[in-house]
Amino acid sequence: MNNLDKQYQSLLQDILDNGVEKKDRTGTGTKSIFGYTIRHNMQDGFPLLTTKKMAWKQIVTELLWFLRGDTNIKFLHDNNCHIWDGDYAKSGRTDGELGPIYGKQWRSWETREWVHLPATDERPEMDALMPAHIDQIANLIRDLKTNPDSRRLMVNAWNVGELDQMVLP
């Protein structure tokens, strides 16, 4: 058993011993504790638990989908990944879109700033003001290369201003 598994099992035991019953969106309820932290050094390998079976292909497919900045379920279905099917079905949508979820926030976080996109021969319809976007993944990669000791090496997918548009906030 690796160190991550030991920390995870310690967390589970702490939840069983000291957890508080909470209601959740699924209706099954949960037992939780506040503020527990598991620390993992990435030099020790990918933080995948070995105490339970993991759907590795599904995990990788979903991560690649996020990194593409995609928000449409089609890519997942094309790769036989159905991890979002339940939330999509509950949403009542039929266009395949899940809203501005993780991938959109990682790759195209909308800012309050506006940029002018002039018309071009290829796109004469442009010449418009468009919201500026931040590619958090590109910024993270750049910063890892140029300032690897920064304390600001992070991405965030929790965009409170767009929660009401997401299938699963």
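Which exposed residues does the face of H1 carry where it is turned away from its buried side?

Author: Asn3, Leu16 and Asp17 are the exposed residues on that face of H1. Keep in mind that this is a predicted model.

First, the geometry of the helix. H1 runs over residues 3-18 and has 16 residues. At 1.5 Å a residue it should span 22 Å, and its end C-alpha atoms are 22 Å apart, which agrees.

Now the buried side. Leu4, Asp5, Gln7, Tyr8, Leu11 and Ile15 are the buried residues of H1. Down the axis of H1, these buried residues fall within an arc of 165°, so they line one face of the helix. An α-helix has 3.6 residues a turn, so residues three or four places apart point the same way. What covers the buried residues of H1 includes strand E2, residues 30-32.

One more residue of H1 deserves a look. Asn18 belongs to this helix. Its relative accessible area is 48%, so Asn18 counts as partly exposed; the exposed class begins over 50%. The side chain of Asn18 makes a polar contact with the side chain of Asp14, at 2.4 Å. Asn18 and Lys53 are 35 residues apart in sequence, and their C-alpha atoms are 26 Å apart in space.

Next, H2. This helix covers residues 56-68 and has 13 residues. From its first C-alpha to its last, H2 reaches 18 Å, close to the 18 Å expected at 1.5 Å a residue. Thr61, Glu62, Trp65 and Phe66 are its buried residues. Seen down the axis of H2, they fall within an arc of 135°, so they too line one face of their helix. Lys57 and Arg68 are exposed on the other side of H2. What do the buried residues of H2 pack against? Their partners are helix H3 (74-78) and helix H5 (102-107).

Follow the chain onward. Just after H2, Gly69 takes a positive phi of about 80°. Asp70 is found in the loop between H2 and H3. At a relative accessible area of 16%, Asp70 is under the 20% cut-off, so this residue is buried. Its side chain makes two contacts worth noting. Leaving aside neighbours within four places in sequence, Asp70 is in contact with Trp65, Phe75 and Gly103.

The loop between H3 and H4 holds Asn80. Phi of Asn80 is near 55°, a positive value in a residue other than glycine. Why remark on that? Most residues other than glycine have a negative phi. Asn80 has 54% relative accessibility, so this residue counts as exposed.

Now the core. The largest nonpolar core has 16 residues. Trp65, Leu76, Trp84, Leu98 and Ile101 have the most contacts inside it. H2 and H3 each supply at least two residues of this core.

Take Trp84. Its relative accessibility is 3%, so Trp84 counts as buried. Not counting residues up to four places away in sequence, Trp84 touches Glu62, Trp65, Phe66, Ile73, Leu76, Leu98, Ile101, Tyr102 and Leu168. Among these, Glu62, Trp65 and Phe66 are also buried residues of H2.

The model has six aromatic pairs. In one of them, the rings of Trp84 and Tyr102 have their centres 6.0 Å apart and their planes at 65°, so the pair is edge-to-face. Trp84 lies in the loop between H3 and helix H4 (85-91), and Tyr102 lies in helix H5, so the pair ties together parts that are 18 residues apart in sequence. Tyr102 has a relative accessible area of 29%, so this residue is partly exposed, whereas Trp84 is buried. Both belong to one aromatic cluster, formed by Trp65, Phe66, Trp84, Tyr102 and Trp106.

Conventions
Residues numbered from 1 in each chain as written. Predicted model: local features only at pLDDT ≥ 70, side-chain atom pairs only at ≥ 80, totals over all residues. Heavy atoms only, no water. Helix = DSSP H or I, 4+ residues; strand = E, 2+ residues; numbered from the N terminus. Expected span 1.5 Å × (residues − 1). Buried < 20%, exposed > 50% of the residue type's maximum accessible area, 1.4 Å probe, protein only. Arc of directions from axis to C-beta. Contact = heavy atoms within 4.5 Å. Core = buried A, V, L, I, M, F, W, Y, C linked by side-chain atoms within 4.5 Å. Phe/Tyr/Trp six-rings, centres within 6.5 Å; stacked < 30°, edge-to-face > 60°. Polar contact = N/O pair within 3.5 Å; in protein donor to acceptor, adjacent residues only side chain to side chain.
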